[in-house]
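Subject: A structure for you to look at

Hello,

I am handing over the structure we talked about, and my notes on it follow below. Please have a look at it first and then read on.

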Amino acid sequence: MVRTFKGTVDEHGNVRLLEPVKLAAEYPVLVTVLDEESETAVSEITLLSEQALAEDWDRPEEDEAWAHLLEEEQER
């Protein structure tokens, strides 16, 4: 299972998690350093991709693939 934890890395490379983490064993990790604008950038990327995704999802094949969910919703 992959889990993500928020934290910080100081100028000396020390990683400090914002919450305690309990694991049953030692695990490998990846550390991604985000720039200060990363939270805003994610929102911008989401907004910019909205039109492209809408065009891709607004096709008869997509409607057919998801029709069973609409039927279940209408039955409730």
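This is a predicted model: local features need pLDDT of at least 70, side-chain atom pairs count only at pLDDT 80 or more; totals for chains, interfaces and linings use all residues.

**Charges and overall form**

How many helices and strands does the protein have? There are two helices and two strands. If you follow the chain from the N terminus, the elements come in the order β-β-α-α. The radius of gyration is 20 Å, whereas the globule rule gives 11 Å for 76 residues, so the protein is more spread out than a compact globule. You can also see this in the C-alpha trace, which spans about 55 × 35 × 20 Å along its principal axes.

**Surface**

How much of the protein is made up of buried residues? Of the 76 residues, 1% are buried.

Val9 has a relative accessibility of 39%, so it counts as partly exposed.

In the segment before E1 you will find Lys6. Is Lys6 buried or exposed? Its relative accessibility is 58%, and therefore Lys6 counts as exposed. Between Lys6 and Arg16 there are 8.8 Å in space, C-alpha to C-alpha, and the two are 10 residues apart in sequence.

**Salt bridges**

Side chains of opposite charge can pair when their charged atoms come close. In this model the count of salt bridges is three.

Which residues does Arg59 pair with? Here are its partners:

- Asp56 meets Arg59 in a salt bridge with an N to O distance of 3.7 Å.
- Glu61 is joined to Arg59 by a salt bridge in which the closest N and O atoms are 3.6 Å apart.
- Glu62 also forms a salt bridge with Arg59, and here the closest N and O atoms are 3.6 Å apart.

Through shared partners, these salt bridges link Asp56, Arg59, Glu61 and Glu62 into one network.

What about the exposure of these four residues? Arg59 has a relative accessibility of 32%, so it counts as partly exposed. Asp56, at 37%, is partly exposed, and Glu61 is partly exposed at 48%. Glu62 has a relative accessibility of 21%; since buried means under 20%, Glu62 still counts as partly exposed.

Best wishes

How values were computed: Residues are numbered from 1 along each chain as its sequence is written. Side-chain values use heavy atoms; hydrogens and water are left out. Helices (H or I, at least four residues) and strands (E, at least two) are DSSP runs, numbered from the N terminus. The radius of gyration is taken over C-alpha atoms; the globule rule is 2.2 Å times the number of residues to the power 0.38. Buried means under 20% relative accessible area, exposed over 50%, partly exposed in between (1.4 Å probe, protein chains only). A salt bridge is a side-chain nitrogen of Lys or Arg within 4 Å of a carboxyl oxygen of Asp or Glu.
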